[in-house]
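This briefing is meant to be read beside the sequence and the model.

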Amino acid sequence: MAFEGYLIKVGANKIPMKYISARSYKTIPNRQQDMDSYRDADGILRRNILPHKVTTIEFSTPYIRLADKIALQAIIPSRTKQTITYWNDETNTYTTGDFYIPDVEYSIYRVDGNDILYMPITYKFIEY
């Protein structure tokens with residue numbers, strides 16, 4: 001599948017590139033998982049690599065106003081289990097998986113009358 005102009009989609013909702021700060025988007029695709037790996041008596045690592053691979057995705061927003069933060073929160077509706085489709089740089093295809101979102105920290109840069117300007121907000125998605 002060719003690149004279709006987006007990096008990450010939560011459910012059916014693509015995250016617009018205006019919410020992803022330049023150079024902040026990073027992934028660790030298809031990370032291998034070990035179970036009960038060990039070093040033998042000769043010091044040789046004996047790995048037991050599991051068949052399921054996991055991906056981690058992280059990005060930060062630019063400085064963002066309240067309305068845009070609310071719009072982004074509508075795309076990423078909760079931190080419960082989410083189906084994510086993302087551009088996998090290892091396979092050069094879109095891949096879909098189930099992810100959770102750790103706690104998100106919000107820092108206010110300033111309040112402008114009835115509006116808030118937030119410092120960059122970092123989102124992380126970790127595959128189950």
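Over how many bridges do strand β10 and β11 pair, and in which sense, parallel or antiparallel? Strand β10 (residues 108-112) and β11 pair in the antiparallel sense, over four bridges. The model is a predicted one, in which local features need pLDDT of at least 70 and side-chain atom pairs count only at pLDDT 80 or more, while totals for chains, interfaces and linings use all residues. Residues are numbered from 1 along each chain as its sequence is written, and side-chain values use heavy atoms, with hydrogens and water left out.

**Strands and their pairing**

- Strands (E, at least two residues) and helices (H or I, at least four) are DSSP runs numbered from the N terminus, and two strands pair if DSSP finds at least two bridges between them.
- In the hairpin of β10 and β11, two residues lie between the strands, and Gly113 takes a positive phi near 60°; Asp112 stands opposite Asp115 in β11.
- Strand β7 (residues 64-65) also pairs with β11, in the antiparallel sense and over two bridges, and the bridge partner of Arg65 in β11 is Leu117.

**Salt bridges**

- A salt bridge is counted when a side-chain nitrogen of Lys or Arg lies within 4 Å of a carboxyl oxygen of Asp or Glu, and by this rule the count comes to six.
- Arg65 forms a salt bridge with Asp112, the closest N and O atoms being 2.9 Å apart. This pair links strand β7, which holds Arg65, to strand β10, which holds Asp112, and the two residues are 47 residues apart.
- Arg65 forms a salt bridge with Asp115 as well, where the closest N and O atoms are 3.4 Å apart. Because Arg65 lies in strand β7 and Asp115 in strand β11, the pair ties together parts that are 50 residues apart in sequence.
- Through shared partners, salt bridges join Arg65, Arg110, Asp112 and Asp115 into one network.

**Exposure and the surface patch**

- Residues are called buried under 20% relative accessible area, exposed over 50%, and partly exposed in between (1.4 Å probe, protein chains only).
- On that scale Lys18 is exposed at 54%, whereas Asp68 is partly exposed at 28%.
- Arg65 is partly exposed at 30%, as are Asp112 at 28% and Asp115 at 23%.
- Tyr63, Tyr109 and Met119 form a nonpolar patch on the surface, with about 310 Å² of accessible area together. Patches are made of residues with over 30% relative accessible area and no salt bridge, like charges being joined within 9 Å and nonpolar side chains (Val, Leu, Ile, Met, Phe, Trp, Tyr) within 5 Å. Accessible areas come from the Shrake-Rupley method with a 1.4 Å probe, and for residues only the protein chains shown count as cover.
- Met119 sits in the loop between β11 (115-118) and β12 (122-127), and at 32% relative accessibility Met119 counts as partly exposed.
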